[in-house]
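Here are my notes on the model, point by point. Please read them with the coordinates open.

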Amino acid sequence: MKIKVEHLYYTYPYSQNPALSDINFEVKEKEFILITGPSGSGKSTLALSLAGVIPHILKGGIMEGRVLIDGVDSHLMRLSEVARKIGMVFQDPECQFFGLSVEEEVAFGLENLCIPRELMEKKVNESLVLSGLLKFRKKEPSSLSGGQKQRLAIISVLAMEPSVIILDEPTSNLDPYGASLVLDTLQKLQQTGKTIILIERKAAHVMPLASRIIALQEGKIVVDAAPRKFFADEALLRNLQVYTPQVVRVAHKLQELGFKFNEFPLTVEEFCELLKKLGSGGYATDNYR
Amino acid sequence: MKFAKYIERDSIVHRLDPRSKIALCLAIIGAAFSFTYPLFMMGLFIFVLILSFVAKIWREFMSQTKLLFSVVIMAFVLWSLFYRWSLFTVVTSSRVILQLGPISLDELGLLYGVTMPFRVLVLIGAPLLIFMTTAFSDLSTALVQLRVPYKVAFTLGLSMRFVPTISEEMEIIRQAQMARGLELERGGIVKKARAYVPIFVPLIVRLLELADRMSSAMEVRAFGAYPRRTFYKVLSMGSIDYVIVVSSSIFLLLCVWLRLQGIGTIGG
Amino acid sequence: MQPIIIVRDLWFAYEKADYILKGVSFSITSGELIAIIGHNGSGKTTLVKHFNGLLKPTKGSVFINGIDTKQATVAELARNVGYVFQNPNHQIFADTVYEEVAFGPRNLGYDEERIHELVESSLQATGLDGTENTPPFALSMGARERLAIASIIAMDPKVLVFDEPTTGQDHKTCLEVMEIIRKCSKEGKTIVLISHDMELVAEWVNRVIVMADGVILLEGSTREAFSKQEVLKSAKLKPPQVIQAARKLGLQDIPLTVDELVTIISRDLT
């Protein structure tokens with residue numbers, strides 16, 4: 001399942017400036033793409049365009065260029081067809097539940113797709129077990145914590161078996177514990193071979209999972225690179241004003257002082273390992289285990 | 001505490017099919033309208049209370065009906081003193097108990113004054129009981145199985161889902177504005193109405209935002225993709241449900257028949 | 001220095017005996033910048049809502065600038081304690097930025113001249129000067145967050161409470177908000193900050209109160225708090241990466257910021 005974006009421009013109704021300008025990129029199978037950038041840079045707009053919400057629901061805006069889903073222009077597809085290939089989880093957990101019980105929320109998409117009941121039951125059970133929400137099945141989503149709500153939103157979308165899942169800042173409104181629940185789920189997802197497009201501002205933990213980071217600024221793609229390359233470029237990071245994990249910043253400063261890393265660290269573990277290997281004595285010695 | 005919120009308990013009432021509960025509720029309401037007899041009305045209300053006890057929610061039920069207390073008192077006073085002006089009463093002569101200037105309290109008035117508040121309690125209490133013992137998604141499913149169009153039942157469910165959200169958001173907004181010195185307690189009606197503007201504006205903005213986002217969320221789950229849909233949940237009536245539906249129907253018919261025979265009204 | 005906030009054996013429950021706060025006691029001196037940290041549900045927000053009277057103690061007392069909160073209304077305490085809620089959209093309602101910021105001081109009964117002064121100075125302090133006639137909803141999310149702060153600063157309270165001021169904001173706005181907070185602190189305001197961003201707390205705040213399950217586990221310097229692993233575990237807090245790295249490397253010192261860790265490492269390597 002491939003998505004190809006060609007010269008995409010989008011301007012919201014009543015808006016002067018385009019939210020997206022000349023966006024070009026391709027999403028291949030099993031990729032884990034992290035899209036980042038400051039507020040207003042067009043991240044959500046891009047996500048909505050990939051998921052088909054633009055142009056099918058958000059009408060009145062000006063859209064140029066195209067989004068090709070498996071070679072077909074999203075304009076020519078019905079949203080329900082797009083929904084079966086590309087699922088989307090939104091930032092606000094409150095807006096993704098419709099007054100049903102937990103198990104019915106998971107089944108909601110399947111009901112809309114006219115999936116037969118026996119198959120639905122099987123899928124719902126599987127999803128609930130995998131996400132650890134089985135014991136909540138008869139309860140209302142409002143009784144779940146923020147992290148559990150987002151987990152529920154993810155499995156509800158996954159039940160429709162899209163090959164791509166887009167998540168628009170799923171952890172923004174969550175506390176660290178909730179955020180870790182979601183990120184665990186994403187990690188498991190990646191292992192099952194789904195293509196994941198994640199929009200996040202502060203995703204220190206996801207860095208090692210991502211195969212690619214796309215940074216947006218004022219509606220344009222300014223970087224499209226592997227995480228290590230992305231974070232190794234200090235000038236770029238400063239310019240983009242994106243959140244940078246602390247160990248990356250430490251590594252940058254140490255590099256300025258003359259220490260050389262043969263590979264750029266993305267996590268605490270990597271950082272410590274690299275320090276121990278650091279050429280000119282010091283950490284490779286007994287002081288540091 | 002949130003009004004009419006579903007309270008999860010393990011009771012016979014909770015386990016009943018929502019359709020039989022709807023039937024029971026309609027029968028009770030129908031009976032409340034059929035007769036205007038104090039003992040009967042009190043009996044109906046006591047029946048509803050017993051049901052709340054069987055449903056293991058009687059404490060919560062009592063505290064919610066307590067909110068109706070002022071309405072009940074008002075109904076008692078108005079009906080006992082002014083029943084003669086009502087279109088629904090049969091005006092016959094009656095023995096005066098108390099004379100307060102131009103207004104008199106007579107025996108008949110007292111009977112009305114006792115009956116009507118209980119009717120209010122029953123009319124509100126019976127549906128309240130249903131809402132407190134049935135998850136709204138089950139009621140929604142019940143409506144669909146009773147051949148109500150899916151979109152109608154779904155919209156109802158969606159609206160209900162917003163009720164707790166509205167009260168929660170309103171509370172946060174209220175606190176945020178009070179923390180800016182907003183005075184909500186004092187002042188006349190006009191002043192108070194204006195004081196609520198800083199509460200309603202953010203609330204409405206939030207609701208519009210939610211509505212907008214929800215419609216996107218529904219669409220990416222293929223809502224309305226096809227003219228038909230399949231259903232995950234199926235409610236099935238057990239034997240006790242059938243018993244309730246049948247007995248409720250018989251009871252209601254009996255009440256209507258008796259009423260038509262002229263039995264069960266005050267003064268008649 | 002006099003304590004401006006005194007909390008004495010505070011117990012709080014919404015419903016009978018289901019206590020969210022269990023015997024909390026501490027005091028905050030005027031001019032301090034302090035953060036309250038702890039897991040979700042530890043009672044941080046519940047505690048802090050006692051400072052402006054939104055909640056009243058079930059048992060125990062809270063004194064703000066000498067006033068017993070049980071005897072004062074929220075509006076009265078608002079004179080002393082400004083509370084910035086987490087989501088600016090929960091308070092924005094006016095037609096223009098000016099009116100929005102003027103709302104608070106107007107409620108406090110100041111005359112128009114003083115209100116004008118207060119509005120202008122708080123718009124200056126939050127980088128919103130020039131937007132007086134802009135409709136608040138036309139502002140970006142980051143600007144709205146600053147607007148929410150401006151509307152509370154305009155009330156000129158002695159104490160400012162910030163409930164998760166950077167959650168959900170982008171990096172640039174986080175820095176802007178923390179700069180505003182630092183400025184307020186330098187001007188002598190007492191600042192109480194609730195945050196679950198440990199990196200932020202370590203970088204900007206010197207004193208913390210660590211809470212878990214309705215009680216205070218520790219009250220002290222940020223460095224002290226982050227050095228006690230058991231305390232952090234009970235409060236379900238994960239220390240910032242620099243401290244995690246320092247632990248893994250077996251360092252003696254606890255670095256609170258990127259610069260501190262860099263200094264330690266470069267010193268050790270040379």
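1. A:E161 sits in the loop between α6 (146-158) and β7 (164-168) of chain A. Helices (H or I, at least four residues) and strands (E, at least two) are DSSP runs, numbered from the N terminus. A:E161 counts as partly exposed, with 15 C-beta neighbours inside 10 Å. The scale runs as follows: buried means 20 or more other C-beta atoms within 10 Å of the residue's own, exposed means 12 or fewer, and partly exposed lies in between, with C-beta atoms placed from the backbone. A:E161 and A:H252 are 91 residues apart along the chain, and 41 Å separates their C-alpha atoms.

2. Ground rules next. The model is predicted: local features need pLDDT of at least 70, side-chain atom pairs count only at pLDDT 80 or more, and totals for chains, interfaces and linings use all residues. Residues are numbered from 1 along each chain as its sequence is written, while chains are lettered from A and ligands numbered from 1 in the order in which they are written.

3. Confidence in chain A. pLDDT is the predictor's confidence in each residue, from 0 to 100. Chain A has a mean pLDDT of 87, and 96% of its residues reach 70 or more. Residues 279-289 of chain A fall below 50, yet this stretch has 16 contacts in the model beyond near neighbours in sequence. A contact here is a pair of residues whose C-beta atoms, placed from the backbone, lie within 7 Å. Where pLDDT is low, the predicted coordinates should not be read in detail.

4. Confidence in chain B. The mean pLDDT of chain B is 85, with 94% of its residues at 70 or more. Within chain B, strand β1 (residues 96-100) is lowest, at a mean of 74, and helix α2 (residues 18-34) is highest, at 92.

5. How do α2(B) and α7(B) pack? Their axes lie 9 Å apart, at an angle of about 85°, with α7 of chain B spanning residues 136-145. That makes α2(B) roughly perpendicular to α7(B), a label for angles of 65 to 115 degrees; under 35 is roughly parallel, over 145 roughly antiparallel and the rest oblique. Axes are lines fitted to C-alpha atoms, for helices over the stretch in contact, and angles run from 0 to 180 degrees between N-to-C directions. B:P18, B:R19 and B:I22 in α2(B) meet B:D138, B:L139 and B:A142 in α7(B). By class, the residues of this contact are 4 nonpolar, no polar and 2 charged. Ala, Val, Leu, Ile, Met, Phe, Trp, Tyr, Cys and Pro count as nonpolar, Asp, Glu, Lys and Arg as charged, and the others, Gly among them, as polar.

6. The A-B interface. Here 32 residues of chain A are in contact with 29 residues of chain B. On the side of chain A, the elements giving two or more residues are α3 (79-85), β6 (86-89), α4 (102-112) and α5 (117-131). α4(A) gives the most, with 6 residues. This side of chain A has 19 nonpolar, 8 polar and 5 charged residues.

7. The B-C interface. Chain B contributes 17 residues and chain C 18 residues. On the side of chain B, α8 (150-178) and α10 (197-219) are the elements that give two or more residues. That side has 11 nonpolar, 3 polar and 3 charged residues.

8. Cores. A nonpolar core is a set of buried Ala, Val, Leu, Ile, Met, Phe, Trp, Tyr and Cys residues joined through C-beta atoms within 7 Å. The largest has 195 residues, of which A:A51, A:I166 and C:V161 touch the most other members. Helix α5 (residues 141-153) of chain C supplies the largest share, 7 residues. Another core, of 33 residues, lies apart from it and includes B:L24, B:L51, B:I57 and B:L121.

9. Backbone checks. Most residues other than glycine have a negative phi, and most peptide bonds are trans. C:D156 has a positive phi of about 50°, in the loop between α5 and β7 (159-163) of chain C. C:E164 also has a positive phi of about 50°, in the loop between β7 and α6 (171-186) of chain C. The peptide bond from A:I54 to A:P55 is cis, with omega near 10°. A:P55 belongs to helix α2 (residues 53-56) of chain A.

How values were computed
Two residues are in contact if their C-beta atoms, placed from the backbone, lie within 7 Å.
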